[in-house]
Amino acid sequence: MNLSKIQYFFKAVELENFTRAAQACHIAQTTMSKYIGELETELGVHLFHRGVKNVTLTDEGRIYYEGMKKINDQYTQLCENLQMAGRKEVRIGMITRDYAEFPILSQFEKQERQSSLYFSYGEEEKVMDDFSRGRLDGLICPDFMPVVVSNGEEVVRENLSISREVLIYSKELVEQYDSLENILCNLPLVTKTEDATYIQACRERLQTYFEATFDQVEVVKEYHQQILMVNMSKGFAIVPEHTYYDNRLLESLLLPDEFNEMTQIVYHKQSKNQMLHRLIAYIAAQ
């Protein structure tokens with residue numbers, strides 16, 4: 001039995017026709033028929049009932065098909081595991097609300113000179129889907145963001161960094177509304193995320209500490225859009241301290257620790273990538 005050609009047999013079972021199966025496998029119909037005949041001779045049983053137009057599995061063929069499907073799946077998984085274990089790269093998706101720097105990652109690369117970290121940016125939904133389907137080894141995202149993978153496999157979350165948060169609003173609004181409480185009650189939160197959990201947490205924390213909170217939310221895609229809208233007195237924002245620079249048009253207020261945002265690295269619990277596990281161990285040791 002040639003395991004590399006077993007897909008011919010699978011395709012014949014799926015399409016119930018040797019000619020269509022041969023076309024799907026990009027081989028001649030005579031090659032398909034010869035392969036099936038040699039397989040039957042090797043096994044000493046008939047695998048198919050041959051009709052005028054279609055073929056169907058015999059009882060022996062059904063037993064062979066179900067058994068070979070399991071063997072093929074195991075072989076495929078074994079090959080993937082071996083490739084993953086020997087890989088010296090780690091592919092990480094980035095879902096962050098700011099342009100955060102993670103020096104610990106560059107420090108790891110310097111220590112593991114044969115390793116390479118590759119980062120994937122883009123729309124949140126696309127990055128999350130790539131991670132869910134195993135196209136990415138890890139994911140860097142805020143701690144409030146839920147991560148669910150397509151096959152229900154468990155994920156592990158490790159803290160990567162923590163950032164202080166700053167409330168910013170225009171000086172013009174202070175003159176217009178007299179107090180921060182009035183600003184919070186009358187203007188929208190300008191944010192880069194649509195995550196309902198995060199937005200609700202902001203509402204509750206502002207209510208707790210300032211006895212005032214917002215009703216409306218304005219979502220933008222980029223940090224510079226966020227700052228522009230706040231500059232134009234279109235709302236207020238909560239941003240990481242390290243991304244905010246003094247602006248003569250804006251007021252800023254460092255928020256209590258309860259507003260701090262934790263950035264985490266998330267990975268599949270069953271990941272076979274040894275370099276990823278070395279990265280996680282390095283992060284944990286710092």
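**Entry 1, the three-stranded sheet.** I started with an open sheet of 3 strands, ordered β10-β7-β11 and paired in antiparallel fashion. Helices and strands here are DSSP runs numbered from the N terminus, a helix (H or I) having at least four residues and a strand (E) at least two. Two strands pair if DSSP finds at least two bridges between them. At the edges I found β10 (237–240) and β11 (250–254), each pairing on one side only. On average, neighbouring strands in this sheet are turned by 35 degrees against each other, direction ignored. I then looked at β7 (residues 165–170): 5 bridges join β7 to the antiparallel β11. Across from Ile-168 stands Ser-252 in β11.

A note on the source: this is a predicted model, where local features need pLDDT of at least 70 and side-chain atom pairs count only at pLDDT 80 or more, while totals for chains, interfaces and linings use all residues. Residues are numbered from 1 along each chain as its sequence is written, and side-chain values use heavy atoms, with hydrogens and water left out.

**Entry 2, the five-stranded sheet.** Next I looked up another open sheet, with 5 strands in the order β4-β3-β5-β12-β6 and mixed pairing. β4 and β6 stand at the edges with a single partner strand each, so one side of each has no neighbour in the sheet. From one strand to the next, the twist averages 25 degrees. Inside the sheet, β5 and β12 run antiparallel and are joined by 5 bridges. I picked out Cys-141 and found its bridge partner in β12, Gln-264. Helix α5 lies across β4, β5 and β6, and runs at about 145 degrees to β4. For such angles, axes are lines fitted to C-alpha atoms (for helices over the stretch in contact), and the angle between N-to-C directions runs from 0 to 180 degrees.

Which residues of α6 (residues 124–132) are buried? I noted Val-127, Met-128, Asp-130, Phe-131 and Ser-132. Buried means under 20% relative accessible area, exposed over 50%, and partly exposed in between (1.4 Å probe, protein chains only). Their cover includes β3 (89–94), β4 (116–120), β5 (138–142), β6 (155–163) and β12 (261–268). Just after α6, I spotted Gly-134 with a positive phi of about 85 degrees.

Helix α1 (residues 6–15) packs on helix α3 (residues 29–43) at about 100 degrees, and their axes are 10 Å apart. That makes the two roughly perpendicular, a label for angles of 65 to 115 degrees; under 35 is roughly parallel, over 145 roughly antiparallel, and the rest oblique. Ile-6, Tyr-8 and Phe-9 of α1 make the contact with Met-32, Tyr-35, Ile-36 and Leu-39 of α3. Contact means heavy atoms within 4.5 Å. I sorted this contact by class and got 7 nonpolar, no polar and no charged residues. Nonpolar covers Ala, Val, Leu, Ile, Met, Phe, Trp, Tyr, Cys and Pro; charged covers Asp, Glu, Lys and Arg; the others, Gly among them, are polar.

In α2 (residues 18–25), the buried residues I listed are Phe-18, Ala-21, Ala-22 and Cys-25. Down the axis of α2, they fall within an arc of 100 degrees, so they line one face of the helix. The arc is that of the directions from the helix axis to the C-beta atoms. An α-helix has 3.6 residues a turn, so residues three or four places apart point the same way. Among what covers the buried residues of α2 are α1, α3, β1 (48–50) and β2 (55–57).

I found Phe-48 in strand β1. Is Phe-48 buried or exposed? Phe-48 is buried, with a relative accessible area of 4%. Its C-alpha atom is 5.2 Å from that of Thr-58, which is 10 residues away along the chain. Leaving aside neighbours within four places in sequence, its contacts include Phe-9, Phe-18, Ile-36 and Val-55.

Phe-236 sits in the loop between α10 (223–231) and β10. Its relative accessible area is 0%, so I marked Phe-236 as buried. Beyond neighbours within four places in sequence, Phe-236 is in contact with residues including Ile-168, Leu-187 and Phe-214. From Phe-236 to Leu-43 I noted 193 residues in sequence and 74 Å in space, C-alpha to C-alpha.
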